[in-house]
Amino acid sequence: MSVLTRDEAQTRAGLLDVHRYTIDLDLTGGDETFDSHTLIAFSARTDGDTFVEIRPAELRSVTLDGQPLDPEALDGNRLPLKNLTAGEHELRVHAAMRYSRTGEGMHRFTDPTDGETYVYTQLFLDDVQRVFAAFDQPDLKAVFELSVRAPQGWTVLANGITEHTGDGRWRAAPTPPISTYLVAVAAGPWHSVRTEHRGLPFGLHCRRSLAPHLDADADELLDITRACYDRYHEKFDEPYPFDSYDQAFVPEFNAGAMENPGLVTFRDEFVYRSAVTDTERQTRAIVIAHEMAHMWFGDLVTLKWWDDIWLNESFAEYMGYQTLVEATRFTDTWTDFGVTRKAWGYDADQRPSTHPVAPEAVDDTASALLNFDGISYAKGAGALRQLVAWLGEKDFLAGINTHFARHKFANATLADFIDSLAGATERDVHAWADAWLRTTGVDTLTPHIAPGDHGTCALTVDRAGSRPHRIAVGLYDRDLGDDGGHLVLRERLHLDLPQDGAQPIGKRPALLLLNDGDLGYAKVRFDPESFETVRKDLSGLPSPLTRAVVWNALRDAVRDGELAPGAYLETARAHLPLETDLAIVQGVLAFAATHITDRYLTPEERPAALATLSELCRDLIRRTEDGDNPGLRLIAVRHRIDVAAHPDTIAAWLADGTVPGGPELDPELRWRVLARLAVLGATDEAAIAAELERDPSATGQEGAARCRAALPDPEAKARAWAAMFASDDLSNYLFSATARGFWQPEQADLVREYVPRYYADAVPVAERRGPAIATAVGRDAFPAHAVDADSLRLGEQCLRDTDPSPSLRRSLTDQLADLARALRVREAHTA
């Protein structure tokens with residue numbers, strides 16, 4: 001398949017104006033393919049040649065202005081259109097298209113719970129050509145008229161309001177001008193909850209087997225949707241630009257969600273069938289707010305080319321978090337952003353694959369797909385948050401509204417966006433963009449406190465990096481009242497970096513914290529006295545957001561080899577039992593388990609670390625026995641299961657169906673326990689099959705695949721490997737579940753022979769199965785537990801001597817960078 005280059009897109013955009021697509025899909029032809037009829041009305045500005053994209057199972061017929069074209073002329077995914085004359089044209093294409101099992105194009109899924117089948121489209125970034133013929137680039141917007149023939153009993157959803165016209169035929173209202181990648185269809189026997197808000201139809205949709213779970217949360221989901229909708233109408237002058245707002249929770253979805261105009265698709269894990277924490281509900285709410293922000297930024301105004309991905313994602317990321325604070329009960333979203341998203345951005349920005357938030361040139365669509373990462377989302381949102389603080393929200397929103405007015409239903413670039421902002425402020429937004437959006441890497445800020453006269457001190461900050469920063473500096477003193485251990489904010493200073501001279505700070509504080517409030521995007525360090533305070537009194541800091549900044553600083557220090565992994569565990573052991581913020585507890589435990597215990601510590605040190613985490617989780621479980629904090633208890637129970645070194649306790653929980661004092665083991669907890677028992681060799685195939693019979697759902701199928709791959713048995717490992725690499729039968733979700741079960745630190749000797757096999761087998765399966773599976777191969781199937789020089793050498797040889805697909809090359813580059821970092825951390829703290 002040929003990828004579209006920037007130069008080709010610019011040439012085609014200069015030649016064509018695309019007016020309308022009339023698309024007819026027939027989904028009644030069987031399990032493998034569907035029929036696709038496309039009529040494209042377009043005009044050529046001058047005489048010339050171009051091409052249209054399509055990736056068919058069979059190209060049946062093509063006509064241009066009534067004259068047949070040879071289907072054999074199709075070259076890969078490109079059908080040449082030669083000798084176009086200036087003026088109006090009509091292109092008709094009839095093809096059979098393949099259903100997908102990898103979440104790309106038209107994905108087809110049969111629910112194992114009840115046998116019902118569902119299909120939905122995911123056409124981002126260049127997958128529209130898997131469904132219908134298109135001039136597939138974002139700046140050739142058009143009106144889309146869609147009709148679908150579906151099996152009896154199905155409902156068809158699309159970008160516009162759909163109408164059933166009889167005999168399984170559905171017609172969607174024409175869209176306003178939108179980009180090809182934003183077209184959406186979802187068809188099946190959906191369970192739907194419908195309402196109306198401010199005259200606009202709202203809908204929630206899911207598989208029938210999930211109906212009770214959607215119904216249980218429908219009020220919450222709709223309340224959040226209404227609140228965000230109303231808040232965006234307060235912020236934005238342009239009204240919501242589409243005729244309806246449906247949210248469909250679809251199976252085996254690769255992303256968190258997709259911002260299709262009028263029909264947002266979400267991964268249906270967001271329809272909770274097991275207990276979740278309030279932080280997880282907040283995460284779902286953030287995704288709802290994020291996708292709705294895209295209706296304006298991304299859908300109404302769309303990037304011209306993929307180098308401006310950040311214009312979509314950073315804006316929606318920032319707006320999602322901020323709007324929840326303003327419009328819903330979730331008022332601590334920025335703590336969660338600091339713990340989870342910020343760390344994602346920092347990590348991505350320190351790998352060899354880092355790139356500017358707004359790269360100056362993305363040469364083709366394959367390169368563009370790689371940039372949907374922690375930089376385009378988290379770093380960009382962090383930069384926007386600092387920009388808003390610098391400009392003030394009033395000027396920021398004025399610039400945004402100018403941008404919408406200038407470019408609605410059209411396309412825009414970074415230069416357009418910056419010009420819109422610049423017109424609303426006297427500040428030099430262009431210089432800000434050059435410093436923050438065109439550069440890479442994370443600055444590191446280190447404080448130095450010098451004594452002055454009369455017991456006072458002054459602060460200077462060393463900046464390893466080149467960006468300007470405006471940060472808050474928190475000065476904290478010990479509370480000498482009742483029981484001690486508490487820290488009180490004396491003052492929060494605002495500091496511009498680079499500094500003009502030292503900053504007076506009065507008497508020396510017990511803790512000086514750079515970037516207090518987390519408005520900046522930078523790693524921060526502590527002076528020695530402040531670090532001692534952190535070790536002793538971290539849990540005594542009054543604000544969760546402040547504690548999140550401290551935990552991130554400790555995390556960064558471990559990753560940079562400046563803080564021993566064991567010291568981080570000791571700090572967690574001392575302070576996490578007193579923590580009240582669920583996002584912090586979850587984030588610290590996750591880092592401690594997946595990075596410190598599994599990678600940064602040696603195999604000899606791992607058992608003691610697991611014991612420490614197990615004791616910590618027991619403390620949290622004991623602390624929550626009164627039932628006051630079920631979310632905290634659930635987090636502690638989950639992690640207690642994951643770090644169990646011996647099977648007895650968790651096996652008893654599974655047998656009893658409950659943790660003493662609660663919670664009862666719902667399907668998620670039962671599969672979690674069984675997966676850990678499989679790792680420990682304390683269960684077998686019969687128990688897995690019995691659990692699958694108890695829970696035959698799609699999630700149950702994934703749980704069983706993970707458990708089977710985790711069994712410490714050579715035959716089980718061989719079967720799992722063959723399923724992943726010798727067969728193309730696994731869906732995207734079953735592939736990832738199998739991969740997550742396969743590698744286990746406890747089984748390093750058993751799977752040692754598979755480490756070199758990974759580098760040999762990963763390349764062909766990624767090439768054969770496409771970007772989604774390639775990403776899963778690099779993310780989930782990578783032998784992350786093998787922290788040794790041999791694995792690093794094999795990986796570097798794979799990159800050097802083979803030709804991995806772009807998605808796999810990016811994943812391997814990042815994984816090997818993390819592996820090299822883990823080796824450096826071990827070396828820094830090995831006696």
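Author: Helix α1 (residues 6-15) lies across β1 and β2 (33-44), and α1 runs at about 100° to β1. Contact here means heavy atoms within 4.5 Å. Axes are lines fitted to C-alpha atoms, for helices over the stretch in contact, and the angles between N-to-C directions run from 0 to 180 degrees. The names come from DSSP runs, numbered from the N terminus: helices are H or I with at least four residues, strands are E with at least two.

The model is predicted, so local features need pLDDT of at least 70 and side-chain atom pairs count only at pLDDT 80 or more, while totals for chains, interfaces and linings use all residues. Residues are numbered from 1 along each chain as its sequence is written, and side-chain values use heavy atoms, with hydrogens and water left out.

Strands β1 and β2 belong to an open sheet of 8 strands with mixed pairing. The order across that sheet is β5-β4-β7-β2-β1-β10-β13-β12. Two strands pair if DSSP finds at least two bridges between them. Strands of a sheet pair through backbone hydrogen bonds, either parallel or antiparallel. At the edges stand β5 (67-69) and β12 (162-166); each has a single partner strand, so one side of each is left without a neighbour in the sheet. From one strand to the next, the twist averages 20°.

Within this sheet, strand β1 (residues 16-26) is joined to strand β10 (residues 143-149) by 7 bridges, and the two run parallel.

Another group of strands can be read in the same way. Strand β17 (residues 245-250) runs parallel to β19, and 5 bridges join them; Q247 has V264 in β19 as its bridge partner. Strand β18 (residues 257-258) runs antiparallel to β19, with 2 bridges, and M258 is the bridge partner of T265 in β19. Strands β18 and β19 form a hairpin with 4 residues between them. In its turn, G262 has a positive phi of about 75°. Strand β19 (residues 263-267) is mostly covered, as 4 of its 5 residues are buried (under 20% relative accessible area, with a 1.4 Å probe and protein chains only).

Definitions and conventions
Buried means under 20% relative accessible area, exposed over 50%, partly exposed in between (1.4 Å probe, protein chains only).
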